[in-house]
Amino acid sequence: MMVRRFSVEEVPEKDNIPLEPLCPVEENNHHENGEGGEGPAPCDPLLTNGGPAPESPKKLPTITITTDNGDHVITRIKSDHDFDKGEDGGSRLADQEPFAVADELTSSDYSNQMALYEDDIHHQGRISTLLNRLANYHAGIEPNTSEKKKTQAKARLGTLLGVYLPCIQNIFGVLLFIRMTWIVGMAGALEGFFIVFVCCSCTMLTAISMSAIATNGVVPAGGSYFMISRALGPEFGGAVGVLFYLGTTVASSMYIIGAIEILVTYMNRSFSIFGDVGDQSNALNNYRVYGTAVLLLLGVIVFIGVAFVSKFATLSLACVILSIFSIYIGIFVANQDNSVVLCYLGDRLLTSASVTLDGEMMCIKNETAPIYHKYCHLVGNETECDPYFTANEMYTKSGIPGLASGVFNRNVHNSYTVKGDIIGMRTEGNRDHGEIVADITSSFVVLLAIYFPSCTGIMAGSNRSGDLEDAQKSIPVGTIAAIVTTSLVYITCTLFFAGTIEGDLLRDKLGESINGGLVIAYLAWPTRWVILIGSFLSTVGAGLQSLTGAPRLLQAIAMDGVIPVLNFFSVTTKRGEPFRALLLTLAISEIGILIANLDLVAPVITMFFLMCYGFVNMACALQTLIRTPSWRPRFRFYHWTLSLLGLALCVCLMFISSWYYALTAIAVAVCIYKYIEYKGAEKEWGDGIRGLAMSAARYSLLRVQQGPPHTKNWRPQLLVLFKLDENLQAKYPKMVEFATQLKAGKGLTLVTSVLEGKWKERYADAQAARQNLQKVIDSTGVKGFADVIVSESVTGGLCHLVQNSGLGGLRHNTVVLGWPYGWRHNVDERSYKVFIDTINNVGAGQMALLVIKGTNTFPSSHEKLKGTIDIWWIVHDGGLLMLLPFLLKQHKTWRNCNLRIFTVAQLEDNTIQMKADLQKFMYQLRIHADVEVVEMADSDITAYTYERTLMMEQRTEMLKNMRIGKMPQPQTIVDRSHEAATAVNDVKVNLDTVTEESVTEDETLSDRNQFTFTPNFRNQGVSIAHMASTINKNLLEIKPDQKNVRRMHTAVRLNEVIIQKSHEAKLVILNLPAPPKHEAGELNYMEFLEVLTEGLDNVLMVRGSGSEVITIYS
């Protein structure tokens, strides 16, 4: 792209007129700038024809002419008072220096580079300060002023310690060690694999949805509750949060009961303080006493701090991993020689107690064997034996014969058993005979419900999100890695157990055939104590993780204040520990321990977890389908169909597990929802569906009207202000296409225009114009409405549209305005005043403003662009500059474009730190973009800037004089110049044209030309006195305003940098500077914007509403 430059046209001297070249340039010599690009040549101090100005016999005005191949003509007029005496006594021009000296430009708090944006910088602050504050902000429950040291005291955990290990511990719970073999034995290898696959698929789908939600912003304390409540609202979030808290709390009691069961039943029965644990009542009493003691001990550990919990959890998890490795080793080394021995009577497996005497197994049928007295009884003088005992022989068999035994083929199919029957058979059993009898009716759905809790615990990491260093990174990586790890272990164990262990032993739930031991413990290598210790520590660790996450979840709910009765639990200690919430958690967990029956506690936990998982999937699917602007997850491997499948699985598993528990959990959730919701559902009796639709519409409008939207829910609701031509057709229809691309079919779009006149006279025109606008809307597929109003003043009409468009809460928050292309050549001040007044009115209404320049070159909605969208972030505007390109990329037209963000560093800024902070900020916003910090050194003001400012002020004064009648109109001057073309001594006027952007086919070039009037000295008959008399004397007295020079310097320098960096960009988005506060600066403001965007094709200038529209949170 060619950068326009100004060079000197050699003009011969006449009448000793000193000619002042702006920059001496040799003929056909172009200064190279950068990589071959042309730019302004560096100027030496301005001299008069290369040397001191000769003395003029008359103090006459000086006229300087510069041209650049006819593209630009600048007229510079100087009078005698501009001449000063130099130190050497020679005359010189006061303004002949190319750089402003220090005493000419007053000092400012802002760099000259940013003078155009000094009002915005004064109110919003520098970008570097904002980025530093955002980059150093740590998410979480922020401390109050009396607890400032709390955040520093908190441990910041990574993925391994904060998410992966807690999830592993919670997933590898009691069911892996005490129920997994029984499930495989009853369901068989095939159906057992399917059970594991379905449950693991449900948790994996939930983890994918959770990863998308967790990476959609910073996740502070609260984890799953925070994600659901921010995605579905406080009512759903509060209801599900409370249920999930209860589930996590009761789960801690389940883990503790399981740990005590392993300790008292399988490790050492002598620990029992209530007699034989074979009696269920004695066992339950032991669970209550030991469980309470362990609960208090774990409560103290949790209170010590989360870092200590993580260290203890690491130790216990190491034992769990070691035990799992010992299981795998035992699977491959198992054989019949070192296997545990089982005793059979026919095809019935007998308990070890029925065939053991003095610690020795006697699997024989003689009268000395213990089993004989169970089947044979003395009746009178004769002994009668059970016919089955008489007809079958007793024998022993290896319980764990190994993979080479071929036992897998016998364990492929299911062996479901009815309660009271012998395991694996349809024959009624008798415990008195030493037979192992089923204590529960098994089926596929029953086993599925029992197994599912072994897959829960996937949110153990997200519940501790407030303690994570980077929750967005740690939660998805750690959770999915934990699920993959545990799923592989479960699936392989299912197949290996079926191929290694005898089916009857698998179906022996309580290990009665092997002295009441854990079946999986006898498989382990080198000793069963590895499994016993590992399973004990695993369940204790899982309980510890539950007691750690539950109080923090309750505290997060209380901190939100959605449930007033829980506000008491929002208080934390000076170390940041939720002590009050911990006490309530211990109390609820104690209730579960007092119940002491694992089979009664587990279904409740399953309901709570499944309901929470289902809402996580629903939240992800809902956010994806409605495409809210705040939905920008960094995790890309998700889809709404996967979320809906996960939701369906959760609902099915809830009712499969227990339909009455499922209904109870749903009823509790509904009660909590209604408690939180301060206003119930409205009813209105009407004409069927229409009445329902009207009621829903009215209810929705009233709900929307309750207050301004949350930052997370903010999306641009557009009011597009159109300009109509003389045929009442839309002049720039591509503005509607741009609105389509920006909205992607979502939200509100109002397409409006104003007709000047009286309503009673132009009613028909208004209706025709509305129909024309509606046709444009229909042709572009915009979901919006068209409206046209009639007003005696265009500015007043536009102001009314800005104020009153929309209905209730369904109102616009962003105004789209086109650029007034013909403002330069139009003497009527309305050509630009309507534009500036609209900017002021939009700002007064605290709305966002989008100004489109180069409308006709914008792409249509059917095009697909490839390239870059460049964002020039100069001042903070609430994040609108970041949100708009993200929304554009959702449309197919801009989807393949890459985002580049440029921000400007001033002299006192650290550019390296700014870039690092900006990269971190974009990461937190979940917006992928290349970032670059452009250095704008506090360079001196160039001669070009100074000259262009003077030209601007001269033109402003000229137009002002034209309006009050002091000067002839431009066309009059043109006509006179043509009439006197043959006169030798008359002044010729060159009308050099600058074609405006976006010239439509219907417009002639003369409608869009900018005229600059320059006397032509090529004909030597020109009299300087005659020329001076044709120009108002006020022009001779103009000296550039110092502030205008600085602002022009900002516009020029920024334009140079933007063209250098973004000349190939498909769209350039930058901040719109603040409009002038007084009418006197309006023309200058328009010139600044022209200079700022000069040479750019597609430009979108943005001005924020003053409020934040984008957030790093989900």
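Predicted model: local features only at pLDDT ≥ 70, side-chain atom pairs only at ≥ 80, totals over all residues.
Colleague: What is the overall make-up of the chain?

Modeller: The chain contains 34 helices and 26 strands. Of its 1114 residues, 56% count as buried. The accessible surface comes to about 48,100 Å², and 56% of that area belongs to carbon and sulfur atoms. Among contacts with a separation of 6 or more, 79% are made by residues 24 or more positions apart.

Colleague: Why is Ser-272 called buried?

Modeller: Buried means under 20% relative accessible area. Ser-272 has a relative accessible area of 15%, and therefore Ser-272 counts as buried. Its place is in the loop between α8 (234-267) and α9 (280-304). Leaving aside neighbours within four places in sequence, Ser-272 is in contact with Val-264, Val-277 and Asn-286.

Colleague: What makes the approach of Ser-272 to the backbone nitrogen of Phe-274 a polar contact?

Modeller: The distance limit for a polar contact is 3.5 Å between N or O atoms. A polar atom of the Ser-272 side chain lies 3.4 Å from the backbone nitrogen of Phe-274.

Colleague: Why are β9 and β14 described as standing at the edges?

Modeller: Three strands form an open sheet in the order β9-β8-β14, with antiparallel pairing. β9 (348-349) and β14 (394-398) each have a single partner strand, so one side of each has no neighbour in the sheet.

Colleague: Which strands form the open sheet of ten, and which of them are at its edges?

Modeller: The order is β17-β16-β15-β18-β19-β26-β25-β20-β21-β22, and the pairing is mixed. β17 (785-791) and β22 (930-935) are the edge strands, as each pairs on one side only. On average, neighbouring strands of this sheet are turned by 20° against each other, direction ignored.

Colleague: Which helices lie against this sheet?

Modeller: Helix α23 (residues 734-743) packs on the sheet and touches β15 (718-722), β16 (749-756), β18 (814-818), β19 (848-853) and β26 (1099-1103). The direction of α23 makes about 170° with that of β15. Helix α25 (residues 794-804) lies across β15, β16, β17 and β18, and runs at about 155° to β16.

Colleague: How do you know that β26 pairs with both β19 and β25?

Modeller: The requirement is at least two bridges. β19 and β26 share five bridges in the antiparallel sense, with Val-851 opposite Met-1101 in β26. Strand β25 (residues 1067-1071) and β26 share four bridges in the parallel sense, and the bridge partner of Asn-1071 in β26 is Val-1102. Both pairings therefore meet the requirement. β25, helix α34 (residues 1082-1092) and β26 also make a right-handed β-α-β unit.

Colleague: Why is β26 called mostly covered?

Modeller: Four of the five residues of β26 are buried.

Colleague: What makes β21 and β22 partners?

Modeller: Strand β21 (residues 897-905) runs parallel to β22, and six bridges join the two. At least two bridges are needed, so β21 and β22 count as a pair. Ile-901 stands opposite Val-931 in β22.

Colleague: Why is Ser-1062 called buried, and what does its side chain meet?

Modeller: Its relative accessible area of 2% is under 20%, so Ser-1062 is buried. Ser-1062 is found in helix α33 (residues 1042-1062). A polar contact of 3.0 Å joins the side chains of Ser-1062 and Trp-872; this distance is within the 3.5 Å limit. Beyond neighbours within four places in sequence, Ser-1062 is in contact with Asp-870, Trp-872, Arg-900, Phe-902 and Val-1068. Ser-1062 and Thr-868 are 194 residues apart in sequence and 8.5 Å apart in space, C-alpha to C-alpha.

Terms used: Residues numbered from 1 in each chain as written. Heavy atoms only, no water. Buried < 20%, exposed > 50% of the residue type's maximum accessible area, 1.4 Å probe, protein only. Contact = heavy atoms within 4.5 Å. Areas by Shrake-Rupley, 256 points an atom, 1.4 Å probe, with all protein chains shown as cover. Axes fitted to C-alpha atoms, helices over the stretch in contact; angles between N-to-C directions. Right-handed = clockwise from strand over helix to strand, strands pointing away. Polar contact = N/O pair within 3.5 Å; in protein donor to acceptor, adjacent residues only side chain to side chain.
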